Amino acid sequence: MNFNPFTILLGGACVATPRLLAQVKNTRVIAADGGMAHAKKLDLKPELWVGDFDSTSLELGAEYAHIPRQQFDAAKAKSDGELAIEAAVSRGANALVLVGALGGARSDHQMMILTNAMSLAEQNVPVILTSGAEEACVVLPGEMRVDLPRGTVFSVIGLTDLGGLTIDGARWPLTDCDVPFGSTLTLSNEALGPVGISLRSGKAVMFSNFGTNL
């Protein structure tokens with residue numbers, strides 16, 4: 001299968017860090033409504049602009065008037081972000097970077113994007129949710145390695161009971177640990193470099209906060 005990564009521009013926070021610029025480089029791009037505002041700072045050229053455009057200013061609309069649009073009624077049953085993700089998947093996306101998925105004004109939208117990312121990961125489509133200053137990724141049964149700068153603070157938040165969680169490359173490692181739902185055991189760890197995670201059962205989200213490691 002050919003690698004076909006897409007960047008989705010959402011309406012949350014965006015800091016154009018070197019890490020984020022590297023993640024979105026050479027990806028195809030779709031903007032969701034006001035998320036188009038991130039295109040210039042990331043030097044991206046979206047191929048499609050999706051949404052009801054209630055968060056798009058007249059100035060932004062004029063600046064990117066040349067971008068093809070898929071416009072939806074404001075009373076639609078899906079969020080602009082979900083529509084943009086669906087458009088990317090329909091165009092063959094098999095990996096996604098969701099810029100602006102964290103740090104926005106609407107926590108409910110962020111939670112829905114997170115659950116959408118969980119669903120995609122279960123279909124073997126890896127997803128990074130990011131603001132540039134903070135990142136999240138889905139943790140499912142199996143093994144994964146996350147390339148983090150030394151000193152990065154990270155947390156593994158269980159969305160279910162977690163069975164057989166192992167964390168290495170961290171200040172506080174774990175080995176084959178069962179973590180009950182709601183436990184704070186895996187909150188605020190510190191990377192010593194790339195972090196390895198393996199999980200026997202359950203679902204979780206790993207949040208990484210780069211702080212001074214931007």
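Biologist: Which residues does Glu135 touch, not counting residues up to four places away in sequence?

Modeller: Before I answer, bear in mind that this is a predicted model, where local features need pLDDT of at least 70, side-chain atom pairs count only at pLDDT 80 or more, and totals for chains, interfaces and linings use all residues. Numbering starts from 1 along each chain as its sequence is written, and side-chain values use heavy atoms, with hydrogens and water left out.

Leaving out those sequence neighbours, Glu135 touches Arg19, Gln23, Leu102, Ile128, Leu129, Thr130, Met206, Phe207, Ser208 and Phe210 (contact means heavy atoms within 4.5 Å). With Gln23 there's also a side-chain to side-chain polar contact, at 3.0 Å. A polar contact is a pair of N or O atoms within 3.5 Å; within protein, one must be able to donate a hydrogen and the other to accept it, and residues adjacent in sequence count only if both atoms are side-chain atoms.

Glu135 counts as buried because its relative accessibility is 7% (buried is under 20% relative accessible area, exposed over 50%, partly exposed in between, with a 1.4 Å probe and protein chains only). You'll find Glu135 in strand 7; strands (E, at least two residues) and helices (H or I, at least four) are DSSP runs numbered from the N terminus.

Leu129, one of the residues Glu135 touches, is among those with the most contacts inside the largest nonpolar core, which has 30 residues. Such a core is a set of buried Ala, Val, Leu, Ile, Met, Phe, Trp, Tyr and Cys residues joined through side-chain atoms within 4.5 Å. Strand 7 (134-139) is one of the elements that each supply at least two residues of this core, though helix 4 gives the most, with six.
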